[in-house]
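Reader: I would like to learn how to read aromatic pairs and overall fold in a model. Please take me through one.

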Amino acid sequence: MTTINLTTKIKASKQIVFDASRDIDIHQQSASKTSEVAIAGITSGLINLNETVTWRGKHFGIYLTHKSRITVMNFYDYFVDEMEEGKFKFFKHEHFFEEQNGITILNDKMQYETPFGIFGKVFDSLFLKKHLIQFLLERNKILKEVSEKQI
């Protein structure tokens with residue numbers, strides 16, 4: 001299993017950052033490089049506990065779908081999305097929010113497991129992990145921009 005941990009500091013309240021983090025429209029904006037769009041479930045606005053979204057985007061030259069469900073939500077502190085259908089063997093993304101002196105510290109913890117045994121592990125180490133880190137960095141850059149404009 002692979003784990004990615006990423007920390008982003010945003011000059012906005014954690015309520016603003018929390019809501020931006022679960023906003024389908026903002027996610028689509030941040031994922032424009034992969035042409036990712038919500039095609040089923042919640043396809044616009046804020047996603048909530050036990051709701052699903054199915055994404056379709058172009059990764060590594062092919063279109064893939066990924067269905068996630070929000071499995072845990074503690075308002076303004078923490079939420080989790082987990083894959084229900086998709087190409088991963090396992091996928092879980094935890095979002096942690098902490099506010100200090102008007103700055104929200106967003107911590108992402110993404111855990112996943114690739115299929116295809118040793119071939120999946122090699123693909124992960126050569127390409128996938130870097131791709132997902134870049135994907136998260138772009139997502140958090142847009143979250144930061146959008147959230148800081150709301151002050």
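Reader: Is Phe-18 buried or exposed?

Author: Phe-18 is buried, with a relative accessible area of 0%. Buried means under 20% relative accessible area, exposed over 50%, and partly exposed in between (1.4 Å probe, protein chains only). This is a predicted model: local features need pLDDT of at least 70, side-chain atom pairs count only at pLDDT 80 or more, and totals for chains, interfaces and linings use all residues. Residues are numbered from 1 along each chain as its sequence is written, and side-chain values use heavy atoms, with hydrogens and water left out.

Reader: How many aromatic pairs does a search of the whole structure find?

Author: First the general idea. A pair of aromatic rings is described by the distance of the centres and the angle of the planes. Rings of Phe, Tyr and Trp (its six-membered ring) pair if their centres lie within 6.5 Å; planes under 30 degrees apart count as stacked, over 60 as edge-to-face and the rest as tilted. Here the search finds 11 aromatic pairs. One of them joins Phe-18 and Phe-79 edge-to-face, at 5.4 Å centre to centre with 80 degrees between the planes.

Reader: Which parts does the pair of Phe-18 and Phe-79 tie together?

Author: Phe-18 lies in helix H1 (residues 14-21) and Phe-79 in strand E5 (residues 78-85), so the pair links parts 61 residues apart in sequence. Helices (H or I, at least four residues) and strands (E, at least two) are DSSP runs, numbered from the N terminus. Phe-79 is buried too, at 2% relative accessibility.

Reader: How are the rings of Tyr-78 and Phe-96 arranged?

Author: Their centres are 4.8 Å apart and their planes at 40 degrees, so the pair is tilted. Tyr-78 is in strand E5 and Phe-96 in strand E6 (residues 90-100), so this pair ties together parts 18 residues apart in sequence. Tyr-78 is buried at 17%, whereas Phe-96 is partly exposed at 31%.

Reader: Which residues do ring pairs link into a cluster?

Author: The cluster holds Phe-18, Phe-75, Tyr-76, Phe-79 and Phe-97.

Reader: Where is the kink in H3 centred?

Author: The bend at a residue is the angle between axes fitted to the seven residues ending there and the seven starting there. In H3 a kink of about 60 degrees is centred on Asp-124.

Reader: What pattern does the protein chain follow along the sequence?

Author: The pattern is β-α-α-β-β-β-β-β-β-α. That comes to 3 helices and 7 strands.
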